[in-house]
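User: I've got a model here and a few things to ask about it. Can you take a look with me?

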Amino acid sequence: MIEPSPSVVSTRGARIPLIGPLLRGVLDWFRDVPIADPVDRRNAPMIQVISLLLAMLPPLAWIYRASVDIPWRPGEIASMVFSLAVSAAAGASFWLIRRGRFGAASYLLLAVFAVTVVPSYLSTGFDAQVYEQPILVIWMAIAGLVIGRRALWVMFACIAVAFCGGMWLEIARDGEVYNRLVDLAARFAMFLMIAVVLDRSSVALRESLREANQRGNALAESNRLLEQEARERERAQEQLIHAQKVEAVGRLASGVAHDFGNLLSLILGYAGRGKRQDDPAALKEALAGVESAARRATLVTHKLLAFARQDETHLQTFDAGESLRELRPMLRQLFDPTVDVRLDVAEGLRPIRFDRTQFELMVLNIAANANHAMPGGGVFEVTAGTGASGVAIGFRDTGTGMTPEVQARAFDPFFTTKPAGEGTGLGLSVARDLIQRAGGRIGVDSVVGAGTVIRIELPVAG
């Protein structure tokens, strides 16, 4: 005996696991229509279901009516013809929706209803349409929820006129007025209540949709403004970084001028020596000295130009230790002669991913603050090694230190203890933003009279 597969039928539970995926597939098929408008696309599955029901249920109902042994009443054949015409229109509506013509499908259904319902009741009477009356609610739902309130009340008016005409025909046939009018009033009240409920539901749904669209538009506008603000902030930060570069170059100018003076003295010395030489070998040696000194001057010039140039952020993977070693001459130029500059960089550090120019600017800004804190001289030490989660860099000075109040505001934009005109208060603030953007951390420890330590940890390039 072959056992049924457990993936198809479960035991003792009337639960078929394939029903869920099957229903999801059917719903996805109903949603998969080429309709551009989002509201119409949302309503399309419901209208397709309604169209299928209207296309299938009336024919089934009339097939059942033809199968029972009950004589056909006068006008019932005409009612069947009208009903089947509506079913055909519903089938056409379903076909139109599947091809993306949602508006045409909805109006076709309502137009067929409006054209057929009143003549149907006037020709067959009220009693012949009793089995069809529940379907009228579907028409009202289509009008109210899909097209709007005006269409809903037009449908209700058509139904009311049809009911009155059909009941008038019944009264003319059997002459019973009171019971007929009571039945008409009851049906009228029932459909009026349904119309009011659909009207309120339609208003609530459309109001909710309007508010949702307004919130969506407001969120989109807020998002646009935030993106614009972010771009402006980024541009402002780039300008601040460039301004700090210019400020740092200004600080370095005196040291660079001193170096250039030494290099020019070397060049002039070699040139004078060469002029006095008759030996080609000695002349060649003097020219080599001139070339060497000129190359050193060129390197200093290129370094300053590259540092001061206003470029966009350019992430690079580089060795932070190597960059710190290359900065040592510039650090020496930045500090007063009474400050001892020390560099302790471990070998074999893993590379970081950062904008190299901004990294150098950050180091020079921290060094400038340290120089300001040591007017009588002292020690400035830079250390670099492997930290807990990346490359750890420390900057220690033996200057005046910071009070707890100043330390708490050390990273605030535009906060500075320097005299007016001697600082912007943006060095540490910009450094913090750059480090946090790179996924790193920065902290400061300071003791009044003992100095300050700034610790940075940057993630390694991954």
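User: Which residues is Arg98 in contact with, leaving aside its neighbours within four places in sequence?

Analyst: Quick caveats: this is a predicted model, where local features need pLDDT of at least 70, side-chain atom pairs count only at pLDDT 80 or more, and totals for chains, interfaces and linings use all residues. Numbering runs from 1 along each chain as its sequence is written, and side-chain values use heavy atoms, with hydrogens and water left out. Taking contact as heavy atoms within 4.5 Å, the partners of Arg98 are Trp29, Phe30, Asp32, Val33, Pro34 and Gln48.

User: Is Arg98 buried or exposed?

Analyst: Arg98 sits in helix α3 (helices are DSSP runs of H or I, at least four residues, numbered from the N terminus). The cut-offs are under 20% relative accessible area for buried and over 50% for exposed, with partly exposed in between (1.4 Å probe, protein chains only). Arg98 has 17% relative accessibility, so the call is buried.

User: What is the span of α5 from its first C-alpha to its last?

Analyst: α5 has 15 residues. The expected span is 1.5 Å times one less than the number of residues, which for α5 gives 21 Å. The model comes out close to that, at 21 Å.

Terms used:
Helices (H or I, at least four residues) and strands (E, at least two) are DSSP runs, numbered from the N terminus.
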